[in-house]
Amino acid sequence: MKTIYKIMSAADWREAQRTGMVPLADVDRRDGYVHFSAPDQVLETARLYFAGRPELVAVAFDADDFGAALKWEASRGGALFPHLYAELRADRAIRALALLEGSDGFSFGAPE
């Protein structure tokens, strides 16, 4: 199993659990796919794009669950990032972890 993470607000995660579908972020709509991060990328992604936003979660998914709809594509500095070309159902989530911002960046907190 290869875990990948979708960063979102805790409110969006609660909405996803209620409706069954993870809402698209503005960047997902703009680019035409759902942005994920690999385990070694998620905290840096949070630092670069989510700093100062309250109540964030990193929702974990099994990359193998998405089949051919998940593509690993070059992004920041040539690193491969997982991009999903399909809707994202909340019931595919493995777990959700709080993302805590401190003076030295982000860290994982307690499960949501």
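The structure, a predicted model, holds six salt bridges, a salt bridge being a side-chain nitrogen of Lys or Arg within 4 Å of a carboxyl oxygen of Asp or Glu. Because the model is predicted, local features need pLDDT of at least 70 and side-chain atom pairs count only at pLDDT 80 or more, while totals for chains, interfaces and linings use all residues. Residues are numbered from 1 along each chain as its sequence is written, and side-chain values use heavy atoms, with hydrogens and water left out.

One of the salt bridges joins the side chains of Glu15 and Arg18, at 2.8 Å from N to O. These two residues are three apart in helix α1 (residues 10-19), so about one helical turn separates Glu15 from Arg18. Helices (H or I, at least four residues) and strands (E, at least two) are DSSP runs, numbered from the N terminus. An α-helix has 3.6 residues a turn, so residues three or four places apart point the same way. Glu15 is partly exposed at 33% relative accessibility, whereas Arg18 is exposed at 62%; buried means under 20% relative accessible area, exposed over 50%, and partly exposed in between (1.4 Å probe, protein chains only).

Another salt bridge links the side chains of Arg47 and Glu44, at 2.6 Å from N to O. Both residues lie in helix α3, three residues apart, about one turn of the helix. Arg47 is partly exposed, with a relative accessible area of 42%, and Glu44 is also partly exposed, at 34%. A further salt bridge is formed by Asp91 with Arg89, whose closest N and O atoms are 3.1 Å apart. Here Asp91 is exposed at 57% relative accessibility, and Arg89 is partly exposed at 37%.

Helix α3 also has a buried side. Its buried residues are Val42, Thr45 and Ala46. Seen down the axis of α3, they fall within an arc of 100°, so they line one face of the helix; the arc is that of the directions from the helix axis to the C-beta atoms. What covers these buried residues includes β1, β3, β5, β6 (93-102) and β7 (105-111).

The loop between α3 and β3 (56-62) contains Glu55. Most residues other than glycine have a negative phi. Glu55, however, has a positive phi, near 50°, and is exposed, with a relative accessible area of 57%.

Strand β5 includes Leu80, which is partly exposed at 48% relative accessible area. Leaving aside its neighbours within four places in sequence, Leu80 is in contact (heavy atoms within 4.5 Å) with Gln41, Trp72, Glu73 and Ala74.

The description ends with open space. The largest pocket holds about 590 Å³. On a 1 Å grid over the protein atoms alone, a pocket is an open set of points where a 1.4 Å probe fits, with protein on both sides within 12 Å along at least five of seven lines; lining residues have an atom within 4 Å of a point. Of the 28 residues that line the largest pocket, Val27, His35, Thr45, Tyr49 and Phe50 are the closest to its centre. The elements giving two or more residues to this lining are β1 (3-9), α2 (26-31), α3 (42-49) and β5 (80-84), and β1 gives the most, with five residues.

Note on methods:
Points joined across faces, edges and corners; volume = space filled by probe spheres on them.
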